[in-house]
Amino acid sequence: MKIRHWLALGLLGGLTGCATTTPLEPRELVYATSSEETFREAVELMIEQGYVVRHADLSLGRAEASLARWPEYRLQLQVSEEGSSSRVRVSALRGGQPLPSYLLDPWLVALQHKLGVAP
């Protein structure tokens with residue numbers, strides 16, 4: 001009976017190790033706009049691109065959106081005040097796995113154009 005108990009614990013421990021995911025790799029960029037304007041435009045950009053915004057809290061500067069096509073994409077946004085500018089931190093999941101951060105550059109550039117601060 002003790003052997004079964006240890007085997008069951010070992011199996012559960014092994015499965016738990018398999019379920020561990022790689023941490024998200026955020027990408028950051030500072031924009032010369034207020035954090036409120038940046039947040040609003042970023043959420044609007046998500047909607048324009050077909051994302052469904054699941055959570056958005058202006059006071060926290062956080063939003064999460066999903067793209068309901070296979071494989072599911074999920075964006076996580078954090079906007080914080082940095083002096084008179086704003087810092088945007090975005091990360092994404094594709095099919096439940098972290099998306100490499102460099103793939104978020106086009107999204108950040110699209111936001112830059114939307115804000116009218118592109119070089």
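Where does S91 lie? It lies in strand β5, and the views below start from there. This is a predicted model, with residues numbered from 1 along each chain as its sequence is written. Local features need pLDDT of at least 70, side-chain atom pairs count only at pLDDT 80 or more, totals for chains, interfaces and linings use all residues, and side-chain values use heavy atoms, leaving out hydrogens and water.

View 1. Strands here are DSSP runs of E, at least two residues, and helices are runs of H or I, at least four, numbered from the N terminus. Skip its neighbours within four places in sequence, and S91 is in contact (heavy atoms within 4.5 Å) with residues including L24, P26, R74 and L104.

**View 2. L93, also found in β5 (residues 85–94).** L93 counts as buried because its relative accessibility is 10%. Y73 is 20 residues away in sequence, yet the two C-alphas are 5.6 Å apart in space. Y73 is also one of the contacts of L93, along with E72 and P98.

**View 3. The largest nonpolar core, with 22 residues.** Such a core is a set of buried Ala, Val, Leu, Ile, Met, Phe, Trp, Tyr and Cys residues joined through side-chain atoms within 4.5 Å. V88 is among the residues with the most contacts inside this core. Helix α2 (35–48) gives the most to this core, with 5 residues.

Key:
Buried < 20%, exposed > 50% of the residue type's maximum accessible area, 1.4 Å probe, protein only.
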